[in-house]
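Reader: Please take a close look at one part of this model for me, the site around the ligand. I would like the contacts and then the surroundings.

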Amino acid sequence: MSNFLTVDEVAQTLKVTRQTVAKYIQRKELNAVKINKSYRVSYSEFENFLSSNSVVSEPEAIYFKKSRNCFLDYQGKSEEKEILTSRHLGTIKPIELNHKDDFNKFIFGDNFFVLKNLLSDLRGKIDLIYIDPPYGTGQDFSNLDNDHAYSDKLLHGDFLEFLRRRLFLLRELLSENGSIYLHIDKKIGHYVKIIMDEVFGYNNFINDITRIKCNPKNFARNAYGNYSDIILFYAKERDKNIWNEVKEELTKEEENIFFPKIHPKYGRYTTNPLHAPGETIDGDTGKEWNGLMPPKGRHWRYSREELTRLDMQGLIEWSETGNPRKMIFAKEHKGKKVQDVWEFKDKGLSYVDYPTQKNHEMLRRIISNSSNEDSVVLDCFAGSGSTLFVANELKRKWIGIDNSTQSLSVVKSNFKKEKIKCNFFEYISLD
Ligand SMILES: C[S@@+](CC[C@H](N)C(=O)[O-])C[C@H]1O[C@@H](n2cnc3c(N)ncnc32)[C@H](O)[C@@H]1O
């Protein structure tokens, strides 16, 4: 048997699903034998398959393996290798230095060249990337005074390739515990998901978060109101990603529902049974406490000593029929697990300094959950600098990049106002 591989082993080696291997076998591209009702592939057959099958040895195989045997094709799509190895002559020069550390900096310039430049020092060192790129809308974006902020003129395949080229570089910068959140709208987001699978591997996909971005819309079109966008969340290596399990506070209504009773001293509470399923034959939790045995088929949740302590502290509520229950207080509740629909509305243009400026509370959730205090957080479409601002508040190190002069001037003036120490640089191309 040791001269054979199982279907699972073949799938693992090829980094494809079992179903794909089954298809290779069905189509007789891969010869297998049936042993004890299961297919097995001999080593020599597998080697033949590897050397003769273009799906495995051609560059496209990377896409096949990473993206469920399908990938997005469009004109002008370049090879991953070409993107990663192309050389550009350029340098990053200081514009304004306000501290002596390596991080906490904003680099003015096209992020493709800046990211390439950063790779020499920071490959594998960035724990968290949040990006909110243009969305391929064909529009120009200006602030309330009509000062031009940035153009979003690349469309369709051109836009996807613009993004894809940068995503490869971002992947290289991510640490093995790192993760990336990509903010995008629903018109192009599903194409971007396929590109993300191709670059990061669909196995590293974690969540597609629906973000409620504004109040409900009441327009006259024959359509449902679109008041959400999406955030695609991927790990560099699934399950190795930093995860701090930040919980969400209960709303007042939820608190009233889950904790319906009010204690004069400790506030809202509910009660839970003191016993759990399963009988203890000999142990302490199966014995009589306070004149009571646990109900049939159940045992006390706590030792009898602990039950007495809880009772003495007034943390057990006795019903009129003499049934004891443990009091659980709302103020001790650790919060609820965050789900994949988030409501973090952005402020309207009249309340922000930069168009498309994102909600700081949303960024606080992302940065708190997916980075630690010593982590480096990167936003290479920094805009108003919201990611950098929140990263700074949360004591992370940060790097921002943007090629808009308005972004540079908004970050400069806001950070000065907020006394955030930031070094400013500029990318100068020497090509
Ligand atoms: C949607 S906005 C980001 C807004 C930002 N998240 C915020 O909260 O303010 C996209 C940003 O990407 C920048 N951008 C577009 N193409 C870029 C490029 N090639 N290099 C660097 N920045 C770029 C634009 O100047 C713009 O500021």
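Author: Start with Lys-358. In this predicted model, a backbone N or O atom of Lys-358 lies 2.8 Å from an oxygen atom of the ligand. Ser-384 uses its side chain instead: a polar atom there lies 2.6 Å from an oxygen atom of the ligand. Asn-403 faces a nitrogen atom of the ligand, with a backbone N or O atom at 3.3 Å. Now the cover. The ligand taken alone exposes 600 Å². The protein buries 97% of that area.

Next, the shell. The ligand is surrounded by 22 residues. The closest are Tyr-354, Lys-358, Ser-384, Ser-386 and Asp-402. By class, the shell residues divide into 8 nonpolar, 9 polar and 5 charged. As for location, the ligand sits in the second largest pocket.

Last, the cysteines. A search of the whole structure finds 0 disulfides. Cys-380 is in no disulfide, and its nearest cysteine sulfur belongs to Cys-422, 16 Å away. A disulfide needs two sulfur atoms within 2.5 Å. Cys-380 is buried, at 1% relative accessibility. Cys-70 is partly exposed, with a relative accessible area of 42%.

Technical notes
Residues are numbered from 1 along each chain as its sequence is written. This is a predicted model: local features need pLDDT of at least 70, side-chain atom pairs count only at pLDDT 80 or more; totals for chains, interfaces and linings use all residues. Side-chain values use heavy atoms; hydrogens and water are left out. A residue is near a molecule or strand if one of its heavy atoms lies within 4 Å of it. A polar contact is a pair of N or O atoms within 3.5 Å; within protein, one must be able to donate a hydrogen and the other to accept it, and residues adjacent in sequence count only if both atoms are side-chain atoms. Accessible areas come from the Shrake-Rupley method with a 1.4 Å probe; for residues, only the protein chains shown count as cover. On a 1 Å grid over the protein atoms alone, a cavity is a set of points where a 1.4 Å probe fits but cannot get out, and a pocket is an open set with protein on both sides within 12 Å along at least five of seven lines; lining residues have an atom within 4 Å of a point. A molecule sits in a cavity or pocket if more than half of its atoms lie within 2 Å of its grid points. Ala, Val, Leu, Ile, Met, Phe, Trp, Tyr, Cys and Pro count as nonpolar, Asp, Glu, Lys and Arg as charged, and the others, Gly among them, as polar. Buried means under 20% relative accessible area, exposed over 50%, partly exposed in between (1.4 Å probe, protein chains only).
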